[in-house]
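Here are some notes for a colleague who is opening this structure for the first time. Please read the numbered points with the model in view.

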Amino acid sequence: MGENGALVGVALPAGARLVRMSSVRAVTETVGQAMATQGAVCLFGDPGRGKTAAVRIALSEVPPGWKVTWVPVPVRPSVAGMRRAVFDALALAGRFPHTSAMADAAVTEALGEARVLVVEEAQRLPVPCLEYLQSLWDHPGTRITLVLCGAGSERALSRLPQLASRIGAWQEVPRLTGSEVATVVTGFHPLWRTVPVPDLMWTDRSCVHGTFRTWAALTAHLQNALLTTADASIDRALLRRLFQRVAPPL
């Protein structure tokens with residue numbers, strides 16, 4: 001955890017705090033259950049719903065003896081690229097080995113201790129890369145909880161039935177519901193505490209549509225507008241102008 005409750009790797013406007021909304025609680029429960037069995041989970045949902053933030057909150061405090069490793073998916077992923085990505089993410093000593101067998105031996109040895117392996121953007125992985133991750137998870141010498149996360153990751157896994165059948169939980173991270181919006185956004189940033197609830201609901205219906213990333217972007221633009229525009233106040237006219245900065249043109 002960083003300052004003001006922020007998490008490393010999650011971009012937030014100044015003064016913002018991450019909120020433990022219902023989706024965070026669900027992800028925390030799902031990942032915790034997977035850790036108890038060294039299982040595998042798939043976290044999916046449309047872009048911008050807060051999947052990464054939910055996983056980082058869920059894993060911000062793990063039991064003693066556990067480690068967490070985030071593995072980024074390389075551009076144009078290949079098995080060789082994933083092997084190198086896992087090696088680098090584990091921060092193993094020495095140079096990357098010259099042979100795949102030596103690299104795999106170093107990686108599996110490191111994975112012999114209890115560890116959560118989080119693979120972001122898993123929807124970009126072709127079948128051979130998924131097979132490589134499965135081989136690490138299935139190896140008798142490793143102790144991995146595998147978290148595959150990304151918008152469309154559930155569809156990527158459907159291309160490898162033998163891995164999909166082993167997924168212990170398929171957890172969707174949904175949009176914010178209408179009943180959650182006021183509580184979440186006022187907890188997220190103090191600027192929104194001055195806005196009447198009907199205006200918050202109107203903002204969500206008109207522009208944000210329950211997408212956490214869009215709320216964060218709108219908050220940043222609102223901060224800037226209040227700092228740079230004389231006598232600016234938060235009203236629907238100002239919010240309507242800012243909508244154009246966070247919504248793509250039709």
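1. Trp-192 is buried, with a relative accessible area of 0%, and Trp-215 likewise is buried at 0%; here buried means under 20% relative accessible area, exposed means over 50%, and partly exposed covers what lies in between, computed with a 1.4 Å probe and protein chains only. The model is a predicted one, in which local features need pLDDT of at least 70 and side-chain atom pairs count only at pLDDT 80 or more, while totals for chains, interfaces and linings use all residues. Residues are numbered from 1 along each chain as its sequence is written, and side-chain values use heavy atoms, with hydrogens and water left out.

2. A pair of aromatic rings is described by the distance of the centres and the angle of the planes. Rings of Phe, Tyr and Trp (for Trp the six-membered ring) pair if their centres lie within 6.5 Å, and the planes count as stacked when under 30 degrees apart, as edge-to-face when over 60, and as tilted for the rest. By this rule the count comes to 4 aromatic pairs. One of them joins Phe-87 and Phe-96 edge-to-face, at 5.1 Å centre to centre and with 85° between the planes; Phe-87 is buried at 4% relative accessible area, whereas Phe-96 is partly exposed at 24%.

3. Trp-192 and Trp-215 also form an edge-to-face pair, at 5.1 Å centre to centre and with 85° between the planes. Because Trp-192 lies in the loop between α8 (178-188) and α9 (197-208) while Trp-215 lies in helix α10 (residues 212-228), the pair ties together parts that are 23 residues apart in sequence. The helices (H or I, at least four residues) and strands (E, at least two) named in this note are DSSP runs, numbered from the N terminus.

4. As for the whole chain, the protein has 11 helices and 5 strands, and its C-alpha trace spans about 65 × 40 × 35 Å along the principal axes. Of its 250 residues, 48% count as buried. With contact taken to mean heavy atoms within 4.5 Å, 73% of the contacts between residues at least 6 apart in sequence join residues at least 24 apart.

5. Where does Leu-43 lie? Its place is in strand β1 (residues 40-44), and at 0% relative accessibility Leu-43 counts as buried. Leaving aside residues up to four places away in sequence, Leu-43 touches a set of residues that includes Val-27, Lys-51, Val-55, Val-147, Leu-148 and Gln-171. Leu-43 and Val-31, which are 12 residues apart in sequence, are 9.5 Å apart in space, C-alpha to C-alpha.

6. Helix α2 (residues 51-58) is mostly covered, with 7 of its 8 residues buried; among them are Lys-51, Val-55 and Arg-56. What covers the buried residues of this helix includes α1 (22-37), β1, β2 (67-71), β3 (115-120) and β4 (144-149). Arg-56 lies over the face of Trp-70, at 3.8 Å from the ring centre, where a charge sits over a ring if NZ of Lys or CZ of Arg is within 6 Å of the ring centre and within 35 degrees of the ring normal.

7. Ala-151 has its place in the loop between β4 and α6 (153-157), and at 24% relative accessibility Ala-151 counts as partly exposed. Not counting residues up to four places away in sequence, Ala-151 touches Gly-45, Asp-46, Pro-47, Lys-51 and Gln-123. The C-alpha atoms of Ala-151 and Phe-188, which are 37 residues apart along the chain, are separated by 23 Å.

8. Two backbone angles deserve a look. Most residues other than glycine have a negative phi. Ala-91, however, has a positive phi of about 55° although it is not a glycine; Ala-91 lies in the loop between α3 (79-89) and α4 (100-110) and counts as exposed at 64% relative accessibility. Glu-121 has a positive phi near 60° and is likewise a residue other than glycine; Glu-121 lies in the loop between β3 and α5 (127-138) and counts as partly exposed at 37% relative accessibility.
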